[in-house]
Number of protein chains: 4
Amino acid sequence: MSLKVVIIGGGSSYTPEIIEGFISRYESFPVSELSLVDIESGRGKLEIVGALARRMINKSGYPIKLSWTLNRKEALQNADFVTTQIRVGGLKAREKDEKIPLTHGVIGQETNGPGGIFKALRTIPVLLDISRDIHDICPGAWLINFTNPAGIVTEALLKYSLHKKVVGVCNIPINMKNSVAEMMNVEAKHVEIEFIGMNHFVFGRKVCVKGIDRTEEVLDKLIHNEVDYSPANIISLGWSKEFIQSINLLPNPYHQYYFQTEDVLAKDLKAFAENGTRAEIVKEVEKELFVKYQEEQLQEKPKELEKRGGAYYSDAACSLMNSIYNDKGDIQTVNILNQGAITGLPHDSVIEVNAVITKVGPKPITIGELPLSVRGIIQQMKAFEQLVIEAAISGEYLKAYQAMIMNPFVRNEKKAKIILDELLEAHKDYLPQFHTK
Amino acid sequence: MSLKVVIIGGGSSYTPEIIEGFISRYESFPVSELSLVDIESGRGKLEIVGALARRMINKSGYPIKLSWTLNRKEALQNADFVTTQIRVGGLKAREKDEKIPLTHGVIGQETNGPGGIFKALRTIPVLLDISRDIHDICPGAWLINFTNPAGIVTEALLKYSLHKKVVGVCNIPINMKNSVAEMMNVEAKHVEIEFIGMNHFVFGRKVCVKGIDRTEEVLDKLIHNEVDYSPANIISLGWSKEFIQSINLLPNPYHQYYFQTEDVLAKDLKAFAENGTRAEIVKEVEKELFVKYQEEQLQEKPKELEKRGGAYYSDAACSLMNSIYNDKGDIQTVNILNQGAITGLPHDSVIEVNAVITKVGPKPITIGELPLSVRGIIQQMKAFEQLVIEAAISGEYLKAYQAMIMNPFVRNEKKAKIILDELLEAHKDYLPQFHTK
Amino acid sequence: MSLKVVIIGGGSSYTPEIIEGFISRYESFPVSELSLVDIESGRGKLEIVGALARRMINKSGYPIKLSWTLNRKEALQNADFVTTQIRVGGLKAREKDEKIPLTHGVIGQETNGPGGIFKALRTIPVLLDISRDIHDICPGAWLINFTNPAGIVTEALLKYSLHKKVVGVCNIPINMKNSVAEMMNVEAKHVEIEFIGMNHFVFGRKVCVKGIDRTEEVLDKLIHNEVDYSPANIISLGWSKEFIQSINLLPNPYHQYYFQTEDVLAKDLKAFAENGTRAEIVKEVEKELFVKYQEEQLQEKPKELEKRGGAYYSDAACSLMNSIYNDKGDIQTVNILNQGAITGLPHDSVIEVNAVITKVGPKPITIGELPLSVRGIIQQMKAFEQLVIEAAISGEYLKAYQAMIMNPFVRNEKKAKIILDELLEAHKDYLPQFHTK
Amino acid sequence: MSLKVVIIGGGSSYTPEIIEGFISRYESFPVSELSLVDIESGRGKLEIVGALARRMINKSGYPIKLSWTLNRKEALQNADFVTTQIRVGGLKAREKDEKIPLTHGVIGQETNGPGGIFKALRTIPVLLDISRDIHDICPGAWLINFTNPAGIVTEALLKYSLHKKVVGVCNIPINMKNSVAEMMNVEAKHVEIEFIGMNHFVFGRKVCVKGIDRTEEVLDKLIHNEVDYSPANIISLGWSKEFIQSINLLPNPYHQYYFQTEDVLAKDLKAFAENGTRAEIVKEVEKELFVKYQEEQLQEKPKELEKRGGAYYSDAACSLMNSIYNDKGDIQTVNILNQGAITGLPHDSVIEVNAVITKVGPKPITIGELPLSVRGIIQQMKAFEQLVIEAAISGEYLKAYQAMIMNPFVRNEKKAKIILDELLEAHKDYLPQFHTK
């Protein structure tokens, strides 16, 4: 039986991680064909990554047929799973996403901040294109999206594409679970966290270790800085006793941006003055990685890859594909339609939630009411996300302005306009919906 | 480590089944102490069942400490699980539940019919008492309720008792799964049915066999009568092609009462004339069973028990306790709070739904919108159930009338009064809330 | 300033009533142009009614320009209000709606019964056509629909037509108000009833007379048969004390069909045996009316018209148009989108509710939760209505079967099929969506 | 017939305005008895205001029996309406509400800001006391609350008091209507604004002048600064074209605090450095007013009163009482239970909404979905309000912290604690629920 996986954005520096994931899971998830797809401007990287992938597969000894191509439609033929890990405009665009807001004293934040708005505006139309191709060419395939902002992009696909077999994944929940496991001195598989909310704005409500509720201990350790689950790309400032005790939930690392805004901003500005933006650092890391990838003797994912913030992303994706393929019925944290699982959020919006993973797709476990302490800000972020989607689809300036002014980092009538105008201009080439009218 | 289970209504003829369940699961669910509780009027049966249970345990060789008592409070000390399988008023009461409506040309139906109303009115106050004891004496214990009408009783407990660790179970979903498995020639563990609705009014929306959606085939077989999942106590008339194709769902056997009312009524009346009510038949079966139970050489659950409609009830209960105890995270069909899992039903009402079973309790898998074809009748039955609960709690005549008139078998201003008055009178001794004012 | 009203179905015997309504309101609602539209088969009636309307207007002395035509599109030019009072298939069709179910022991009921289903199936496509014309020709016009089943038809228009300025009206609420006024010895304008529910299934929750809550008195009088608000076309059996006290709401006359089904059925069958169906009686009344209408000296609405059940329909419609035109801000009972006014019913469904009538349309006054006593049956009827609409739009047999089996008068797998098949055949000529495939 | 009104906080400098309101409405709202109530510390002011009120009534010639007292329970005997206009802790407390946050670079804002939190914490227990007295002494009386934060306080009363006849009023909607009227050159009675949202966070969705939708014109004038509806106590910075066009709603003056935070803060800080807080200015104004009030020849509300921000508050209250008393059925903007009128806000929360005013209370006109552009921030503010209420009722430090950290002006883990601690200390005497444990 054939099992074909297509990786869109195959030239990404993350690809070796997902290749490793397939190799290590081969016995249960026997990929028979693997196709890496990229675009013209990524041809060079694709060649390098492709060659490394070949060496890795060869070393494994598994009969995985590997190919790489710029022809997406061809690659999609007979696909069972398609993953997307693209970056429209590349790291150069991310640099602008971060730098421009920062010059106006506003955090850029490439997920849910002003930078994230523009990442979404650039990405959504491209993903809709890919989704259309999948619907036409391999309608039975699952689209596993880990292109950021993963939640917003997944919601846009589920609302505006005909292809409904779409799941979004993020590494934050896995990171949080791993950190808690480390802190509690158990294996990650013994840790269950009830996640509530949305991608990059998710909270952990109940932490069970081997089925026993140990939330309080974990929160206590969090207060005393005994755990740090910030991935490499996110600031790590720690949390105050009052904050943790009052919300009585596990925040995710991104919440620092929202509740310690001034400190983060100060640190960002300082870091920016000293080292440039995170994007610039990442560029440097990437450059080094690609030098490494070209070493002929390299036959595995290099350690250096873990310096990137995206660690575990591909792990999350591989686990998900494995469970769908094998109808495992296990529980994973994914980005899928709400359908009432969280009361007070629209039924047709995407949430990040624990779900039972089956062959017919993930089914969200019901959460019920959000805790009052975070209900308001989660609802507000969800409405913000929907404004971003409406802007991305319509290409209307006023809708983009709505998203910008309603972003919690902005909330300033005048700055909203300035940042919006500068970013629209800076990303001109990647925003045809805003400029070709 | 100790693991104590208390069986309230331990003198029931079903008890040997649950004993067998504990013995067969001993390796994973090592019951260390088992206490059978009953009331004075059940003393005789309790002795017989207790003795049989002792022989069964002895034969198994497992170190399960067994006792039986009329002192509930004592038995509850240190309990981890409490099951309830009581019948307030006994089979005599059930006989009246069925006979009185029938004499007015109305189906009695001991679950959701006029008979079910009175079963609930008698049972809810008693279960609330038990629940209060549990809350006081063993607050950490799970109450596994399989006293009928299981859904209504469970909802009443979750609304009006302080003890919130309550789960209701019914054998209908298990029966349906087993029947489908038989029909599709697979083991039951390979069958997944997405159950939607409420106890005794549940539908199956999607049937997956080994992860593959095979709903259509199953519906087709249902039309051609290739499957019959009616338990022993329920009529089995088959379904018409149009009905099955139009609702596009698996009905449960009880739905025959609602959509083939006249045929069921005719059959019931005929059977009644010939053999008396189902209750009378059951009485006979029971009598024989207790004769059997007294045979000294009997050391296992007798085959004859399967003639009863409740088969698999204890299986459902044992599976559930096992999964809670071991934090299995598997999926079982239980009666728990909706919390938004089914859109359009009150969040604080109890639904019958697939749930992930963990140590901290079952978590419902989100269903979303009900199919339009059955949305209305499910909503109507849910409101009816709530009327029954309000009547049971308040003891108000007019509330009991509301429940009666809104029952789909009644819906007749005058008959509602007649049947209500006769049943109130007939059950006088077991309805203090209606009579001591 | 011009004010043009178009009456679709202008040849109806009810037209003189609406003409009278315009004349009596001329000072505040100065109709300058009035166009009666009908179809070829109604040409004869249209001529007669047109001539009578002319005599009525002449007598009034008001400068209302009157015309009648078979050319709908022409008539719609510059219309400000369009009313629809059509009967697709005529009284002959209604006769079948009633007779066919009755021959199978089921109430036909031309509003929400099996007959009503078919009235809706015939009518919805025609109204959608009219609505399309309005949208194209006079998009600013309000469509005042009093074609039955008014609620269902209005919901179908709001869901499936581009023209959103649609309001449904029914005479039941006005009748109930008038009856209460009579009973309480006050003018109707001093009576306020809070209506909750849907067309032909509406209840009155709170009755205020001159701002004072006098619900209890009214219910008491209802029990003692001191009030009878059944219009001419509806049975009048009275209500039992228990029923009224337990629901604690004012039922509408149609509720007799649902809660006194057997009595109504018996009476219907008897009446049918003696006099034929209500449709046949109405035919006779109509014949007499048209003889009367042709009397040259007749210059006003004849008293005989009140024998018809539709009395006050045109009054409701005229009041509504008057208040929209004058931005009155008064409160009338209309059929409009729920939008959350009634909790537990879909937001996009049509309810019958008190609304503030303004120039930009009626705005529903919030009801909140439905009383538990009637919540279930109202939800069930709403789902039934939606099934009817889906059947009418799709023309699918299985959807029509769904509507039939879920109708509370049917609820019988086999009868549903028989009645459905016979009615589909009987109305063949008026159900192209079901037959031209 | 008697009509008694009790004014709690009768010694307020606003009282002459409400007295004037009663005098001018005497023909339709014939107050027969008026009682001014205050507490010991307000005795001096009460005497002065009482004497002025007496002169005003004497001049009017109307037979209104006036009294003033420190005995609230006595005053409440036979009351029909009770208004509350109190300021727990007086202007001194307000000064702290504003000054303390400001010293940490945060806007104090006495309605929905950190200052507003503490105003609510001080006020809610007092109002609950008053409400309890009303429930005991004059249960039929309507409590018209215009004590700020009016929305939050009203919600707390409706949730935690047995007395349910409570309506909150604010002058913002009236001010907005008056300003629009002025701008459009019409009388205020011809202006209808559809208000959506909550007290001090309300938006205007549709503006009709004489029934014609003229929203666009009004928004256009707003952009061009042709209208300024900021009351005296609120900053007036104008709005940018992009903001107004993108939200496509009328903001209320308080929205400047949220979307022009930095400018407002700068201005506040400057003003504070130069003149002290608004509270200090108000103190000065008040001092002058009371000098004026003591002039023996003064027999009417002095012009100077309009310098206060609360103008029209009493107008709103008098209109409301008048419409309730006369069962007018007109539409006013009030703070009442949502009950589903606004989708996406809790049913049991209080919204500011147009309502039909009747003798049995105001009934909200259904709004439906909030516009996406402001949905998120309105939901967030509503959750914030609920946190404030929970803190006020429980007296728990962590709940107060939740409210503080979730306030959009704060959103800073550390500042939240500092500001909270300082305010808790500063208001110690008025927060027994936080300090007596």
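Between chain B and chain C, six salt bridges are counted, a salt bridge being a side-chain nitrogen of Lys or Arg within 4 Å of a carboxyl oxygen of Asp or Glu. The structure is a predicted model, in which local features need pLDDT of at least 70 and side-chain atom pairs count only at pLDDT 80 or more, while totals for chains, interfaces and linings use all residues. Residues are numbered from 1 along each chain as its sequence is written, chains are lettered from A and ligands numbered from 1 in the order in which they are written, and side-chain values use heavy atoms, with hydrogens and water left out.

One of the salt bridges joins B:Glu262 to C:Lys415, with the closest N and O atoms 3.2 Å apart. There are also 16 residue pairs in polar contact between chain B and chain C, both residues being at pLDDT 80 or more. A polar contact is a pair of N or O atoms within 3.5 Å; within protein, one must be able to donate a hydrogen and the other to accept it, and residues adjacent in sequence count only if both atoms are side-chain atoms.

The size of an interface is often given as the accessible area lost when the parts come together. For chain B and chain C this buried area is about 3400 Å², with 57% of it on carbon and sulfur atoms; the area is found with a 1.4 Å probe and summed over both parts.

Now for the symmetry. Two copies of a chain are related by a rotation about an axis and a shift along it. Chain B is superposed on chain C by a rotation of 180° with 0.0 Å of shift along its axis, at an RMSD of 0.0 Å. This is the relation of a two-fold axis. Within chain B, B:Gln380 has the C-alpha nearest the axis, 2.9 Å from it. Both copies use the same surface, as 100% of the contact residues of chain B recur in chain C. The superposition is by least squares on the C-alpha atoms of residues with pLDDT of at least 70 in both copies.

The other pair can be described in the same terms. A rotation of 180° with 0.0 Å of shift along its axis places chain A on chain D, with RMSD 0.0 Å. A:Gln380 is the residue of chain A that comes closest to the rotation axis, at 2.9 Å for its C-alpha. The contact takes 40 residues from chain A and 40 residues from chain D, and about 3500 Å² is buried between them, of which carbon and sulfur atoms give 58%. Six salt bridges are counted between chain A and chain D. Among them is the one between A:Asp263 and D:Lys414, whose closest N and O atoms are 2.6 Å apart.

Some local features also deserve a look. Most residues other than glycine have a negative phi, and most peptide bonds are trans. B:His200, although not a glycine, has a positive phi of about 65°. This residue sits in the loop between β7 (191-198) and β8 (201-209) of chain B. Is B:His200 buried or exposed? At 1% relative accessibility, B:His200 counts as buried, the cut-offs being under 20% relative accessible area for buried, over 50% for exposed and partly exposed in between (1.4 Å probe, protein chains only). In chain A, a cis peptide bond joins A:Asn148 and A:Pro149, with omega about -10°. A:Pro149 lies in the loop between β5 (142-145) and α6 (150-160) of chain A.

Terms used
Contact = heavy atoms within 4.5 Å. Buried area = accessible area lost by both parts, 1.4 Å probe. Helix = DSSP H or I, 4+ residues; strand = E, 2+ residues; numbered from the N terminus.
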